[in-house]
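Subject: Structure handover

Hello,

Here is the structure we discussed, with the sequence. My notes on what was found follow below it.

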Amino acid sequence: MTVPSKPTDESSHASGFLAYDALSGDQDSGSIISDAKFTADTRTDFYDRSLTSRRYALVGVACSSIFSCLCIVAGIVTLASHGVMGVTTFNEISIETDHDQTQLDLRRGILALAFNLIVTFCTESIGFVHGMSLRSALASESRLRFNTNLRLLTATRGWRNPNGTLLNSISAVLLILSYSSASLVVCNDYSATSIKGGVALAGLPLLILGVALLLQVIIALSGMRAVTILTWSSSPFDLTAALVHHTQLTPATSRCMRCVSALEVFGDPARPSEIQPSAWHAHPSIRKVVISLWGIVAACAGWAALVMYFWGKYAISITWFWSAVALTTQTWSFIPNIQNGSSNYIVYFMPGIGIQWWILVFVTVAVVQGPLTLGLHCSELIANVIRDERQWRCATKKKGLKTVTNPATPIFTHPICLVLFVAKPFLHWMFGLSFILYNPAEDGQLSGLALYMLTAQIWNLCIALFIFACFFTFVALRRPRGPQPAAYGHLQTLANLVDEWSPVMWWGHKEDGIPYCHAGTSDHPLPDVKMDCVYSGSSAGSLLERGAISTLG
């Protein structure tokens, strides 16, 4: 995969000016010359197209489609058999003591967590395909800046485009509905003629969950068919190489010591810096994500305080809508126990049962759960940007930077990605414990709908969100050490820093010169850069730059 080491000719170089200007805009208008060691030939091994990632993604989408269809079929069968308020019951046990009721509630909680895990797997698989198509669509419009983007909050031009504003907004609503349905689908069913009870699945939430997932699959596949995806790899290096190979990006290796935050700095030569900027300063959207996470924490704390205020003010006079138990260390628990009367909560009973009340429940839960869903979705930006930077910083380590990796590696080997993958279903599950739709059923029919807000569980969610926000804030503010310029997946910066492509790359000092030295990449380990030297392009690059300027002038 090593690229031939010869400079581009003047014609091919001139054809890259427009691509570079379109991608970088005013950020780097003075640096347009490339001496990177590659040629714009038609070989497919110039970069990794990562067809294995495509196969994995399509298998995940296929599994999501199967699961959504099963939910739709099960929901339709339940509704046809038992009506709008119908449920399907299984795993019945005898309810004779408080311990039996606790066991039933625990089984319900475990099944709800399983649904959240499955929904996370489905939405992540669908989101990967949708993200790949969005990335390629933005590149075709010369609007792609970073390897990672806010998938549902970044749109291409054209309202009918599968990655446009309209369908992205619909996808965001469907994502919220997916998690909201997972929170509502599981309930308890009790027998009216015996002491038995079991865990049940409500038909209407099950149907809506299936429809929401299936529509997301359709939108993702439509986006995949609408554009040509150059590479399915999540690596910023494969994407950068693909854009360079297809002349959609032109390197400026005279900026070999300029990091992503120095794009607007005039002049190419620079001395190495001992510490690099944080992701907070390098990526403008990360600041918005971090602020939104803390906004969610504050909203959750305000929600818990409001529940405590209403309970304290009205609990004595209106006992029907409030628990009789105060919030103490004895009543504080992780798993709520409403029926045993040992939890502090407020509750709103729906005036009736029917489709209109189901709609009201769905709207209420989606509005409350929506900020959490979108906040966790936006946290992907921080995790992926830090992942891209950590991969780039491997170029100064002993084993070097491997551009080709297993598709599953970014999730299971990068701690931040793994934390986010686990946190998504867990935090949604904790939300389900805090904002419970108490929908007990009798003999396959829901007997009522009531929304419970449990104080202790809301505070538990708030504490978990506080830890989550602290972790991602620390990650976003952390500044990498060492003279290697930070890129954070910024494609133009990576194209400027990588001047020689190979399956395994090392970055360091490459060439002494007067007045400037040169740093770059190689297929063998390189010495450390000299902290007291000024770095710019190589001598070959300087000659090419002068020749190109004289030709174009």
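**Strand pairing, then the rest**

Lysine 402 has valine 504, in E10, as its bridge partner. The two belong to a pairing in which strand E5 (residues 401-402) and strand E10 (residues 504-511) run antiparallel, joined by 2 bridges. Helices (H or I, at least four residues) and strands (E, at least two) are DSSP runs, numbered from the N terminus. Two strands count as paired if DSSP finds at least two bridges between them.

Before going further, the basis: this is a predicted model, in which local features need pLDDT of at least 70 and side-chain atom pairs count only at pLDDT 80 or more, while totals for chains, interfaces and linings use all residues. Residues are numbered from 1 along each chain as its sequence is written, and side-chain values use heavy atoms, with hydrogens and water left out.

E10 also pairs with strand E11 (residues 518-522), again antiparallel, over 5 bridges. Within that pairing, histidine 509 stands opposite alanine 519 of E11.

**The open sheet**

Three strands form an open sheet in the order E4-E9-E6, with antiparallel pairing. Its edge strands are strand E4 (345-349) and E6, each of which pairs on one side only. From one strand to the next the twist averages 20°. E4 pairs with strand E9 (residues 450-454) in the antiparallel sense through 5 bridges; there, isoleucine 346 has methionine 453 of E9 as its bridge partner. H9 lies across E6 and E9 and runs at about 170° to E6. For these angles, axes are lines fitted to C-alpha atoms, for helices over the stretch in contact, and the angles run from 0 to 180 degrees between N-to-C directions.

**Chain totals and cores**

The protein chain has 14 helices and 11 strands. Of its 553 residues, 54% count as buried (buried is under 20% relative accessible area, exposed over 50%, partly exposed in between, with a 1.4 Å probe and protein chains only). Among contacts (heavy atoms within 4.5 Å) with a separation of 6 or more, 75% are between residues 24 or more positions apart.

The largest nonpolar core has 60 residues, and those with the most contacts inside it are Trp358, Val361 and Leu427. Such a core is a set of buried Ala, Val, Leu, Ile, Met, Phe, Trp, Tyr and Cys residues joined through side-chain atoms within 4.5 Å. The elements that each supply at least two residues of this core include strand E3 (196-202), helix H8 (284-314), helix H9 (355-393) and helix H12 (455-477). H9 gives the largest share, 12 residues. A second, separate core has 33 residues, among them Tyr47, Leu144, Leu401 and Ala487.

Beyond its neighbours within four places in sequence, valine 361 is in contact with Leu184, Met350, Leu437, Leu449 and Leu451. Leucine 360 also lies in helix H9, and is partly exposed, with a relative accessible area of 34%. Its C-alpha atom is separated by 9.0 Å from that of methionine 350, 10 residues apart along the chain.

**Aromatic pairs**

Rings of Phe, Tyr and Trp (its six-membered ring) pair if their centres lie within 6.5 Å; planes under 30 degrees apart count as stacked, over 60 as edge-to-face and the rest as tilted. The count comes to 14 aromatic pairs. For phenylalanine 471 and phenylalanine 472, the ring centres are 5.4 Å apart and the planes at 85°, so the pair is edge-to-face. Phenylalanine 471 is partly exposed at 31% relative accessible area, whereas phenylalanine 472 is buried at 0%. Trp303, Phe431 and Phe435 are linked into a cluster by ring pairs.

**Positive phi**

Serine 142 is not a glycine, yet has a positive phi of about 60°. Serine 142 is in the loop between helix H3 (98-140) and helix H4 (165-184) and is partly exposed, at 27% relative accessibility. Tyrosine 488 also has a positive phi, near 50°. This tyrosine 488 lies in the loop between H12 and helix H13 (491-497) and counts as buried, at 2% relative accessibility.

Regards
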